[in-house]
Amino acid sequence: MKKILLSACLAGLPVRYNGTAKTVVSQHITRWQYEKRFVVFCPELAAGFPIPRPSAEIQPAWRGNRVIAQGARVTESTGDDVTERYILAAWLTLEMAQQHHCQFAILTEGSPSCGRNVIYSGAFSGDRVSGMGVTAELLTRHGIEVFSEYDLPALCARLETEEAASIIPLRLSDNA
Ligand code: SF4
């Protein structure tokens, strides 16, 4: 059974920068929980960030807003540059995913670590732009398929395809 890395705040743990959770309620989540597929993890906590902590956003570089591929930076609302710690968070998450053989991840949309399709603009204005958080980017670069909490039906379809392909057909003669 394929394991799935799950953002801790989606699992209901109050680990976000402001001490809240972002619990996701869905029949898919309930089923995968019952099947014990989840490896629950918070990249930022693993890298030693406290709760609460200042909000952080990715500052686009001239090449784009990806931190690893394009040299964008992560800063907190205080102005502190926390890029290296966000990269550490991403590597710790990758290590955890690989230890548990997670081929898939469900990460929190919009986060500078976990965002899959969307991040905040970097202006701390509440505006969102298309982009990817640092952890989502690193996992994707290492072959882990990342889905947001809004893409659960797509992950469900991927799991069905993968697991159907891994069933070894039973020959009649095997039972003889
Ligand atoms: S780093 Fe990811 S798991 Fe941790 S609080 Fe932020 S969005 Fe949630």
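This is a predicted model: local features need pLDDT of at least 70, side-chain atom pairs count only at pLDDT 80 or more; totals for chains, interfaces and linings use all residues.
Figure 1. The C-alpha trace spans about 70 × 35 × 25 Å along its principal axes, and of the 176 residues of the chain, 37% count as buried.

**Figure 2. The largest nonpolar core.** This core holds 41 residues, of which I4, A105, I106 and L139 touch the most other members. At least two residues of the core are supplied by each of β1 (3–7), α1, β3 (56–59), α4, β5, β6 (118–120), α5 and β8. In soluble globular proteins, nonpolar side chains tend to be buried together. When its neighbours within four places in sequence are left aside, L139 is in contact with T93, L94, A97, A105, I144 and V146.

**Figure 3. Helix α5 and what covers it.** Helix α5, formed by residues 134–141, is mostly covered, with 6 of its 8 residues buried. The buried residues of α5 are V134, T135, A136, E137, L138 and L139, and their cover includes the helices α2 (43–46), α3 (67–70) and α4 (83–99) together with the strands β4 (73–76), β5 (102–107) and β8 (145–148). Just after α5 comes G143, which takes a positive phi of about 85°.

Figure 4. The residues around the ligand are S7, A8, C9, V15, R16, C42, P43, E44, T108, S111, S113 and C114. Sorted by class, this shell has 6 nonpolar, 4 polar and 2 charged residues.

**Figure 5. Helix α1 at Q27.** Q27 has its place in helix α1, which covers residues 27–34. Because 9 other C-beta atoms lie within 10 Å, and a residue with 12 or fewer counts as exposed, Q27 is exposed. Between Q27 and I68 there are 41 residues of separation in sequence and 34 Å in space, taken from C-alpha to C-alpha.

Figure 6. The loop between α2 and β3 contains P52, and the peptide bond leading from I51 to P52 is cis, with omega near -5°. Most residues other than glycine have a negative phi, and most peptide bonds are trans.

Figure 7. H101, in the loop between α4 and β5, has a positive phi of about 55° although it is not a glycine. With 9 C-beta neighbours inside 10 Å, H101 counts as exposed. F124, in the loop between β6 and β7 (128–130), likewise has a positive phi of about 55° without being a glycine. F124 is partly exposed, because 14 other C-beta atoms lie within 10 Å, a number that falls between the limit of 12 or fewer for an exposed residue and that of 20 or more for a buried one.

Terms used
Residues are numbered from 1 along each chain as its sequence is written. A residue is near a molecule or strand if its C-beta atom, placed from the backbone, lies within 6 Å of it. Ala, Val, Leu, Ile, Met, Phe, Trp, Tyr, Cys and Pro count as nonpolar, Asp, Glu, Lys and Arg as charged, and the others, Gly among them, as polar. Helices (H or I, at least four residues) and strands (E, at least two) are DSSP runs, numbered from the N terminus. Two residues are in contact if their C-beta atoms, placed from the backbone, lie within 7 Å. A nonpolar core is a set of buried Ala, Val, Leu, Ile, Met, Phe, Trp, Tyr and Cys residues joined through C-beta atoms within 7 Å.
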